[in-house]
Amino acid sequence: MPLSQHKLDPVTKQSPRSSRGGLGALLISALLVSVLVLLDLPLNAHIVPPEDLHPAAESYRRLNFLLNLRPVPWLEVGRDLKVIDGALAQVVEQKGKVTGLTVPEVNGLDLDSETAWLLEPQESQQAEGREVPGIREQQLLAQRTFEIATRKVSRALVLELETAAASISDHSTALGHLETARQLWAAFEPTLRSTDRAGFQEAGRHWLEMTSALGSPGILGIGATPPKQQEFEHNARRLGEYLNANFGASFQAPSGTLAPLPAHSPTFDRDAALPAILPPGAEINKQLPRPRQILNMSERGVDERQTPLIALGDMAFDSPMIFGEPARALGLSCNSCHNKSITNPKFFLPGLSSREGGLDVSNSFFAPHANNGHFDPVDIPDLRGLRFTAPYGRNGRFESLREFTRNVIVNEFNGAEPDPVLLDGLVAYMMEFDFLPNPALRPDGRLHTGASESTRRGEEIFYRPFEQMADRSCATCHVPSDHFLDRKRHDIGSVVGAAESSRDGAMDTPTLLSSRHTAPYFHDGSLPTLRSVTDWFNERYDLGLSEVDLGDLTAYLEVIGDGVDPYEDTLHTLESELEEFDFFLSAYEFLASRGKSDLIDTTLVTIAFEIRAHKWDVQDARLLPVLDRLAELMDEAYEANHQGESEMVADRIAEYRRLYQENVEVLR
Amino acid sequence: MIARTTVSERSWRPLGSGPSRRSRWLRSTLSNMGLLILCTTFLWGIPADAAPEPLRIVFIAYQNPNQLVEDVRPVVAYLEERLQRKVEYFTATDYAAVVEALRNETADVGFMGPLQYLLAHEHAGARPILGEIYNGSSTYHSRIFVRKDSGIRNLKDLKGKNFAFVDPISSSGYLYPLEIFVEAGLIENRDQTDRFFRRNYFAGGDEQAIRAVLNGFVDAAGIGQYSFSLLRGEERDQVISIADSKPIPSHCVVVRKGLEGAAANSLRDSLLALNEGENRPLLKYLYNVDGYVEVDHQTFAGTEELARKHGFLPALEPSPSEEPASKLDSSGQRK
């Protein structure tokens, strides 16, 4: 029956209809809805929306993250500090308007000149001939900056509570100030929840008491309840006392990791671990639409259950467990940046990325021991055709994929030394990554007949030697017959900020295959399009190419960089994830036969973690117990593995496989 | 008067699918300004001299009113073409403002929840023309949520505990949760909540209420079922519901008293036409509903019964045929 023909009966006569869950409201899922609706896609992609924060709370949380980095990205800190300043100024002004009184100034909110100068653009710093302080000095400046930012947010919050109390007879105004105060509270929430559980809960009840004490104007006066001023003021005062005691003028930043620790709360747990959280603005979701991964073995029709080493590698590639903290707690894996081998163009971490799809992998956050002390983000490389593209790393610093991979685990993401079999698996899996098929190209890299005139002219330019490039052509380095690369490093002048007399300008020649789908370009992702790349070469080397030439050359690059079906027509669906977990588990017998108990652990924990991460994508909520059971079976197998009860492990895995197969058609 | 937003049951519905996520701070700021935005109007192929009075629609803005203004432009254009009538539209940031606008006849059409509709009907003679469909259903439920590790498994266990409702004027966040406890025989009316619970609060919004449970600020909360979706996956595993309410009619499209029948019918048919066909994508701009169903006052009979039982509406008088709006004095109060 069409919807339009429905006529509702009174609900009292209706039997309850079960809901499939789905998305409700909402603030927290707003981005998901917006994005997916715009794409006209169903709402089952695994996308975690960001928190919805007040700008000052957002800036404070980000600033907290940035001030812990070494070096500190001072310009970004300065931007966030301005937002906090603006919020405080607005709060002060609002309170003045509501109360008719001047809000007194307080001490301890001003930056010293040394810190203020650091927040200026680099050009003005150089103009003044001043040098950026060393790492140790930066640490002290970061502490002072954090103290000031913390006091400012706390002061703004307390003032908002006072303004709400002062305006309680005007429900609308009071509620607005109370909401703002609560939104500012989010600046401190993650740390307080972890380090002062009792204080956090007491504060939570203060918020509830205040919201209730505001009363309600009702609708047309119906349901109106008067405010309870004394109750409101009592709770506002108690919360204000907590804030002033811990984050007021006497707040001192911890000497280690900077965080708003409530050191003066009697219930503060000094031994509690700080939560691993990414700053607002971070984007680690997989990209949409879903890129198509091409595995050589699959193209050959190989039964993937016969490839346990590759299955192990696939699991490890998806597993945060092979990394150390904080990447593990944040759920980051190889797959986060190289989703199914394809670069994640949206990946972004404030302070560690200069643009989307890039990351400084030698930083103080993920692996402090391997921090190289300077900000040098690189564009996340696409891993298609990886077995052809040695050496590895944007500057080609590793000849061996195995060594490169070990370095990623140990020195970029703080993992333990990986088991050799795990590395074998990862390499075996990554060696399967193929380029997108490109029927426009012959095996020797030349264009097939049928290419457009423009493309052919572009190919001619590609092969044309230029005196300005020492009689080299594009094809000299991007050798068409050898996957459009030469496996060498060249300094083409694309590196900005390289140390004088260093060799930092030399970068590995990237392949051009599949490149149409790997924007942006250059080692740092500084060029957004293939046309901007041809423009760059034309200007950098004064090649004298005309607009038509540049258009032809770009058209050629687009053809050789293209591929068939670059995107999947499905999303990151639950069924495809579960199918993959089944594949992961196919490595179990191989690992058991080698006595690789630790790798069995990693496999089981990874599958349980992944099931729990994806279970809410299920379209029929009645199947949630099945997913819960699948995850529990992995937990039980893990426990049994630890007890050395191999039969129990095998039994739980067999049960998992049976349960999965029983439900494989409905788990979507 | 346009009151600022309260958070009563406004957040249970999917966001109106704007291209960007809107933040509560902005909503709050705009709300503080007592926001009611009069938007520009469209006029497609309607001869100026023959144009009837504009149809005035007030949209409830759950997030950013300015964004909503942009989002609903295609819908307004569609309606103008269908109705052959100029459409003016407003946004309001709370239901009180919507009901007020219908009563003052500054708007002809509004969007609201069942309890708000009943108040608008009782005090301003408004009537519903369409109900919204979400997840394939024209009803939803209120639920009592607790922490999974709390040991609380039934309603009796909540005696002497802390409890959160959402808002005093809310179907799913107050009226129906109350009734869950009444039906269970634990309280007789809303005045007894203070005795049954150690303390009961109004959390101010669905998210605040469900998070109050998650974080252990309260032992339980009565909230619309979709509040669960406000939690992240790992958080959902920590919360369960122990009781469901009767089905609650979904939010509805309401017209003011006195709007001519032909206009209301045309509007109803135009929105129903979105259920199928090439204009169906426009639904994503109308709070992302799956579609509409026809409703009338009788659809809300169950809610009305509860509203009267719990004192949101007066008990029925012997002569129910009397026009409700006629009982109002000039200030909207019952005579």
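## Domains of chain A and a sheet in chain B

Nine residues of domain 1 of chain A are in contact with nine residues of domain 2 of chain A. Helix α2 of chain A, residues 55-67, gives the most to the domain 1 side of this contact: three residues. By type, the residues on that side are six nonpolar, three charged and no polar. The centres of the two domains, taken over C-alpha atoms, are 39 Å apart. All of this is read from a predicted model.

**Chain A as a whole**

Chain A is divided into four parts: domain 1 (55-247), domain 2 (292-434), domain 3 (453-495 + 504-560) and domain 4 (570-668). Its C-alpha atoms fill a box of roughly 85 × 70 × 60 Å along the principal axes. How does the radius of gyration of chain A agree with that of a compact globule? With 668 residues, such a globule would have a radius of gyration near 26 Å. Chain A has 29 Å, which agrees.

**The two chains in brief**

| Chain | Property | Value |
|---|---|---|
| Chain A | Secondary structure | 24 helices and six strands |
| Chain A | Buried | 44% of 668 residues |
| Chain B | Secondary structure | eleven helices and 14 strands |
| Chain B | Buried | 58% of 335 residues |

Sequence separation gives another view. In chain A, 68% of the contacts between residues at least 6 apart in sequence join residues at least 24 apart. In chain B, residues 24 or more positions apart account for 80% of the contacts with a separation of 6 or more.

**A sheet in chain B**

Five strands of chain B form an open sheet. Their order is β9-β8-β10-β7-β11, and the pairing is mixed. Which strands stand at the edges? They are β9 (199-202) and β11 (239-244) of chain B. Each has a single partner strand, so one side of each is left without a neighbour in the sheet. Neighbouring strands of this sheet are turned by 30° against each other on average, direction ignored.

Strand β8 of chain B, residues 162-165, pairs with β9(B) in the parallel sense over four bridges. Here B:F163 has B:N200 of β9(B) as its bridge partner.

Helix α6 of chain B (residues 171-183) touches β7 (142-147), β8, β10 (220-224) and β11 of chain B. The direction of α6 makes about 120° with that of β10(B). Helix α8 of chain B (residues 206-214) also packs on the sheet, touching β7, β8, β10 and β11 of chain B. For α8, the angle with the direction of β10(B) is about 150°.

Terms used. Residues are numbered from 1 along each chain as its sequence is written. Chains are lettered from A and ligands numbered from 1 in the order in which they are written. This is a predicted model: local features need pLDDT of at least 70, side-chain atom pairs count only at pLDDT 80 or more; totals for chains, interfaces and linings use all residues. Domain bounds come from an automatic or database domain assignment. Two residues are in contact if their C-beta atoms, placed from the backbone, lie within 7 Å. Helices (H or I, at least four residues) and strands (E, at least two) are DSSP runs, numbered from the N terminus. Ala, Val, Leu, Ile, Met, Phe, Trp, Tyr, Cys and Pro count as nonpolar, Asp, Glu, Lys and Arg as charged, and the others, Gly among them, as polar. A residue is buried if 20 or more other C-beta atoms lie within 10 Å of its own, exposed if 12 or fewer, and partly exposed in between; C-beta atoms are placed from the backbone. The radius of gyration is taken over C-alpha atoms; the globule rule is 2.2 Å times the number of residues to the power 0.38. Two strands pair if DSSP finds at least two bridges between them. Axes are lines fitted to C-alpha atoms, for helices over the stretch in contact, and angles run from 0 to 180 degrees between N-to-C directions.
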